[in-house]
Amino acid sequence: MLIRNATLPDGRTGINLLVRDGRFAAIGPVQDGVAGEPGEPELDAAGWLLSPPFVDAHFHMDATLSYGLPRINASGTLLEGIALWGELKPLLTAEAIAERALQYCDWAIARGLLAIRTHVDVCDERLLAVDALLQVRERMKPWLDLQLVAFPQDGVLRTPHALQTLQRALDKGVDVVGGIPHFERTSDHGAESVKLLCEIAAARGLRVDMHCDESDDPLSRHIETLAFHAQRLGLQGRVTGSHLTSMHSMDNYYVSKLIPLIAESGVHAVANPLINITLQGRHDSYPKRRGMTRVPELMAGGVNVAFGHDCVMDPWYALGSGDMLEVAQMGLHVAQMTSQAQMRACFDAVTVNAARVLGLEGYGLEVGCHADAVLLQARTPAEAIRLRAARLAVMRRGEVVARQAPAASVLDLGGRRAQVDWTLAR
Ligand code: FE2
């Protein structure tokens, strides 16, 4: 198969991509001889933007699409969401979790979102959600990479049996070690949980991704401990701090020491802009803190930063549809990343940077990579974010797995007819 006449995120135009055995075999302009065999199937990109697929670095697939079960989160706060999840847990069945997760996977694929790291709560001794999502991971493998994180939602030290159930989840094949140090009983317990969980990951050769400092408390500093143990245990590049919202409220002098430590230890940062702009600052009157971590400063300090969706229609968040361009758009606004380079960086935060967090093999528009891509009705990454562009085609291993009609409206203004598609003609 040949993809013809694509624009790439780096700005190259008129690019052909030749696919062989599910991987890109050649990428370049037709004058460099990148062309298909006679009669070979073609996808005409018509000059639109071809991107590697979207990647969600942080999600909760065991809770997704459960909005309203058993009741709605009235206050909209993180703590009521956690309490509500506690009410829902005894009512869950593996079948219902799998059914909702599979529905979400369909939504994701249609949006060009082909890799998701999902946390899965391991505090339930039955491990229903783990079993359900392990099945979903296998079933969706041809179309979507699902990476599971063993997430002790109620605290690994605070909850009886949580350490054992977490280890059992890892034995069953869960990919990544999770944690939630700021939710342990004391700061000391939080630090102890970070050390313990990083050691488990190192012993098992696994990655780490912790909910870390998801708080407005400027003294919530578990990210420092996480970076320290990542370095101590040789886990550079394999550890992620998710949320890191307390960094928003921290003292600037302390942050000037912290960001170099995070960078040195090769810890990835994941911000979840849709969720944290709604959950943080809830104890404030005015001025009200935004509560997203310091994205441009972390990027400038050499830290790999990705954005996650975190929630879609669950106890914590009533909205969402698996659209990582919506996530990028909110991240751009909350972090005030409005320059051309920064808008591009927000697009990277839901594509290449997120792929680095997951450690995806063969990701990208390079020769030898998997022929996975999404064709967007936009000319540039910034335009894709502005329009939350239609996914004209989604490709997995060289096969088109989803198509969407171009977004357009037909006007009839007193006899003047026009078609509007909101892109700028070049
Ligand atoms: Fe989360």
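**Exercise 1. Work out whether E138 is buried, partly exposed or exposed, and which residues are joined with E138 through salt bridges.**

Step 1. E138 has a relative accessibility of 41%, so it counts as partly exposed, where buried means under 20% relative accessible area, exposed over 50%, and partly exposed in between (1.4 Å probe, protein chains only).

Step 2. This is a predicted model, in which local features need pLDDT of at least 70 and side-chain atom pairs count only at pLDDT 80 or more, while totals for chains, interfaces and linings use all residues. Residues are numbered from 1 along each chain as its sequence is written, and side-chain values use heavy atoms, with hydrogens and water left out.

Step 3. A salt bridge is a side-chain nitrogen of Lys or Arg within 4 Å of a carboxyl oxygen of Asp or Glu; E138 forms one with R137, the closest N and O atoms being 3.8 Å apart. R137, in turn, is buried, with a relative accessible area of 15%.

Step 4. Through salt bridges that share partners, R137, E138, K141 and D175 are joined into one network.

**Exercise 2. Check the span of helix 5 and determine how its buried residues are arranged.**

Step 1. The expected span is 1.5 Å times one less than the number of residues, so the 18 residues of helix 5 (residues 187–204) should span 26 Å, which agrees with the 26 Å between its end C-alpha atoms.

Step 2. The buried residues of helix 5 are G190, S193, V194, L197, C198, I200 and A201. Seen down the helix axis, they fall within an arc of 155° and so line one face of helix 5, the arc being that of the directions from the axis to the C-beta atoms.

Step 3. On the other side of helix 5, D188 and A203 are exposed.

Step 4. The cover over the buried residues of helix 5 includes helix 4 (162–172), strand 9 (176–179), strand 10 (207–212) and helix 6 (222–232), with contact meaning heavy atoms within 4.5 Å.

How values were computed: Helices (H or I, at least four residues) and strands (E, at least two) are DSSP runs, numbered from the N terminus.
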